[in-house]
Amino acid sequence: MATRSVTGDAMVAQIDRTYLKFRVWKLWPRLLAYALFEGRPLTTRGQFVNPFLAVFHRILMNIPAPKSADRPIFVIGTGRSGTTILGIVLSMHRDVGFLNEPKLLWHGVVGGEDLIGSYSKEPGQYRLDQGHASPAKRARFVRLLGWFSALSGASRVVDKYPELIFRTECVDALFPDALYIFLARDGSQTAASIEKWSQSHSVETSDQSHDWWGADDRKWHAIVEQLIPGDPDLAPHQEVLHEVTDHRLRAGVEWVLSMREGLKLKNAISPDRFLHLDYQSLCEDPKAEMARIFDFAGLCHDPVCQEYAKTILHVPKDHGQAEWPEWFQPIFDDTQNQLVQNTDSCTVGQEVAK
């Protein structure tokens, strides 16, 4: 018999009383996204709805939408680095409709991206490029986002999907006017949060284990086999990493790869399409950082959204600096220092920088 953690399941679509207090009418786009567009991943309840949602999506992607979703905003980085709460804050904006990791949409249109095994038994690919985005796929995805925009009453769509940090070539081919918000958080704090999440949301079935690393570690295997060879510092340790089972060390490796990818993108993508944001700074001065986001994204300055950010964003508890294996510590420190040096208003990794 399967066992499943219920941690976090009580709050549907990330909605609580505080959310409703600020703008009760924003309940509709969040419930719409949750019920009809996002799908149910492996470690959550209600996966029986996924086949029905897939049929619904196929219908929508073949019907011209009454509205276009111009300049979609993609929140990328590493999971457990504040990407969800940033998406929720942005969902409070009067013009925004928020999709929280709509991987079922991506699976239905692009395919090959399911890293954890929620919708496919076929191994997922970390990197997707222009070859995965044909004109037909672009038309389908544009229609899907257009329908979500129309049904939700939003003029702009925010799609939070951290792993898209490795797939921006595909995203650009689908949405040439896409904007990216790269959110970075201290590596030790991110790794500790991933470790806690993976332990509390683990699922054991009769023949599989499901956690942060997917069905029977398929996401971890994808990291080791697909991403590690491309990193000159980590590649020599690929054989050792194959055998790693420690959640925190795995999370540290995922964080390093994601942050290094984000820094590469910052140098490759025009600054009018790419914003590097620090989670610590966002929590310390929500109003100022939200104003930066509004200016970057071309969103009107929304005082209600800013006040909501101030209300729910708090400097997270410090889990202390992680103790890494001797071979990994300099790799981690180098990445942490690069973030400090390359973020405009950055407090991440100050312990290392001092």
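This is a predicted model: local features need pLDDT of at least 70, side-chain atom pairs count only at pLDDT 80 or more; totals for chains, interfaces and linings use all residues.
**Exercise 1.** Describe how helix α2 and helix α6 pack, and find which residues make the contact.

*Solution.* Start with the geometry. Helix α2 covers residues 27–37 and helix α6 covers residues 135–152. Their axes lie 9 Å apart, at an angle of about 140°. The crossing of α2 past α6 is right-handed. Next, list the contact residues. From α2 come Trp 28, Pro 29, Leu 32, Ala 33 and Phe 37. From α6 come Leu 144, Trp 147, Phe 148, Leu 151 and Ser 152. Last, sort them by class. Nine are nonpolar, one is polar and none is charged.

**Exercise 2.** Work out which way the side chains of strand β2 point, and which strands pair with β2.

*Solution.* Take the side chains of residues 73–76. Ile 73 and Val 75 point one way. Phe 74 and Ile 76 point the other way. In a regular strand, side chains alternate between the two faces of the sheet. Now check burial: all four residues of β2 named here are buried. Then turn to the partners. Strand β4 (residues 156–160) runs parallel to β2, joined by three bridges. Phe 74 has Asp 159 of β4 as its bridge partner. Strand β5 (residues 179–184) also pairs with β2 in the parallel sense, over four bridges. Here Ile 76 is partnered by Phe 182.

**Exercise 3.** Explain why helix α9 is largely enclosed by the rest of the structure.

*Solution.* Count first. Helix α9 spans residues 218–227, and seven of its ten residues are buried, so the helix is largely enclosed. Buried here means under 20% relative accessible area. Name them next: Arg 218, Lys 219, Trp 220, Ala 222, Ile 223, Val 224 and Leu 227. Finally, find their neighbours. These buried residues pack against β8 (214–215), α10 (238–242) and α11 (247–268).

Definitions and conventions. Residues are numbered from 1 along each chain as its sequence is written. Side-chain values use heavy atoms; hydrogens and water are left out. Axes are lines fitted to C-alpha atoms, for helices over the stretch in contact, and angles run from 0 to 180 degrees between N-to-C directions. Helices (H or I, at least four residues) and strands (E, at least two) are DSSP runs, numbered from the N terminus. A crossing is left-handed if the near helix is turned anticlockwise from the far one by less than a right angle, and right-handed if clockwise. Contact means heavy atoms within 4.5 Å. Ala, Val, Leu, Ile, Met, Phe, Trp, Tyr, Cys and Pro count as nonpolar, Asp, Glu, Lys and Arg as charged, and the others, Gly among them, as polar. Buried means under 20% relative accessible area, exposed over 50%, partly exposed in between (1.4 Å probe, protein chains only). Two strands pair if DSSP finds at least two bridges between them.
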